[in-house]
Amino acid sequence: MKVIKLHISLLALLGVFLLSGCEATLAPAYDQAIVDKVNVNSDLAMRFFASVNEGTESENFSLREPVYNQLIGAFESLKLHAKARPVPDNAAIEKINALLRSKDSNPIAGDYPSAFAFEQIAVTFAHMKKTDREQGLNPILIEAFKGQVEVYLDQAITYESFLKR
């Protein structure tokens with residue numbers, strides 16, 4: 001009888017150890033390298049907007065092209081880094097997606113919000129570069145591009161900062 005009680009106690013203790021190691025992960029791990037790179041490149045983006053805020057002429061586009069290329073490459077790289085983190089796959093996400101589908105909503109995708117935001121920032125700079133090369137940019141158009149970049153930067157920084165809990 002003592003042997004059975006000892007086995008039950010060991011099984012209960014083993015169960016406690018196993019359950020204490022379980023957790024539902026719905027978001028990727030915080031990555032300080034991504035946050036550092038976002039800070040550096042958001043500073044570069046804002047300095048670039050400040051340098052062209054009075055408008056540009058297409059005739060001297062070649063002076064700005066290297067900065068456009070640097071910004072587009074930086075935010076494409078950030079998108080890749082953000083997407084490289086493993087997507088949590090667990091029962092909680094499956095249940096949330098089933099609930100979202102039952103409410104005719106889109107399920108949680110494999111992309112993180114910050115990866116989407118980095119991609120949209122790169123697309124915005126690519127569109128701005130093309131417009132600048134073809135016709136130059138007036139101050140109103142520059143403000144529109146800047147506003148779009150600020151919205152996506154805010155989303156990315158908020159999400160990445162939230163991960164540091």
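Reply: Helix H2 (32-51), H3 and H5 are among the elements that cover the buried residues of H6, where contact means heavy atoms within 4.5 Å, and buried means under 20% relative accessible area, with exposed over 50% and partly exposed in between (1.4 Å probe, protein chains only). This is a predicted model, in which local features need pLDDT of at least 70 and side-chain atom pairs count only at pLDDT 80 or more, while totals for chains, interfaces and linings use all residues. Residues are numbered from 1 along each chain as its sequence is written, and side-chain values use heavy atoms, with hydrogens and water left out. The helices (H or I, at least four residues) and strands (E, at least two) are DSSP runs, numbered from the N terminus.

H6 has 24 residues and spans 34 Å between its first and last C-alpha, close to the expected 34 Å, the expectation being 1.5 Å times one less than the number of residues. At its start, a side-chain oxygen of Asn138 comes to within 3.0 Å of the backbone nitrogen of Ile140; this can be read against the definition of a polar contact (a pair of N or O atoms within 3.5 Å; within protein, one must be able to donate a hydrogen and the other to accept it, and residues adjacent in sequence count only if both atoms are side-chain atoms). The buried residues of H6 are Ile142, Phe145, Val149, Tyr152, Leu153, Ala156, Tyr159 and Glu160.

Glu160 deserves a separate word, as a charged residue in that list. Its relative accessible area is 2%, and Glu160 forms a salt bridge with Arg85, the closest N and O atoms being 2.8 Å apart, a salt bridge being a side-chain nitrogen of Lys or Arg within 4 Å of a carboxyl oxygen of Asp or Glu. Because Arg85 lies in the loop between H3 and helix H4 (91-102) and Glu160 in helix H6 (residues 139-162), the pair ties together parts that are 75 residues apart in sequence. Arg85 is buried too, at 8% relative accessibility. The whole structure holds 5 salt bridges.

Two of the covering helices, H3 and H5, are also linked to each other. Glu65 and Lys129 meet in a salt bridge (4.0 Å, N to O), with Glu65 in helix H3 and Lys129 in helix H5, 64 residues apart; Glu65 is partly exposed at 28%, whereas Lys129 counts as buried at 15%. Within H3, Glu76 and Lys79 form a salt bridge with their closest N and O atoms 3.1 Å apart, and these residues are separated by about one helical turn because they are 3 residues apart in that helix.

Aromatic rings give a further link. Rings of Phe, Tyr and Trp (its six-membered ring) pair if their centres lie within 6.5 Å, planes under 30 degrees apart counting as stacked, over 60 as edge-to-face and the rest as tilted. By this rule there are 7 aromatic pairs. One of them, Phe75 with Phe118, is tilted, at 6.5 Å centre to centre and 35 degrees between the planes; Phe75 lies in helix H3 (residues 61-84) and Phe118 in helix H5 (residues 113-135), 43 residues apart. Phe75 is buried at 0% relative accessibility, and Phe118 likewise has a relative accessible area of 0%. Ring pairs join Phe48, Phe49, Phe61, Tyr68, Phe75, Phe118 and Phe125 into a cluster.
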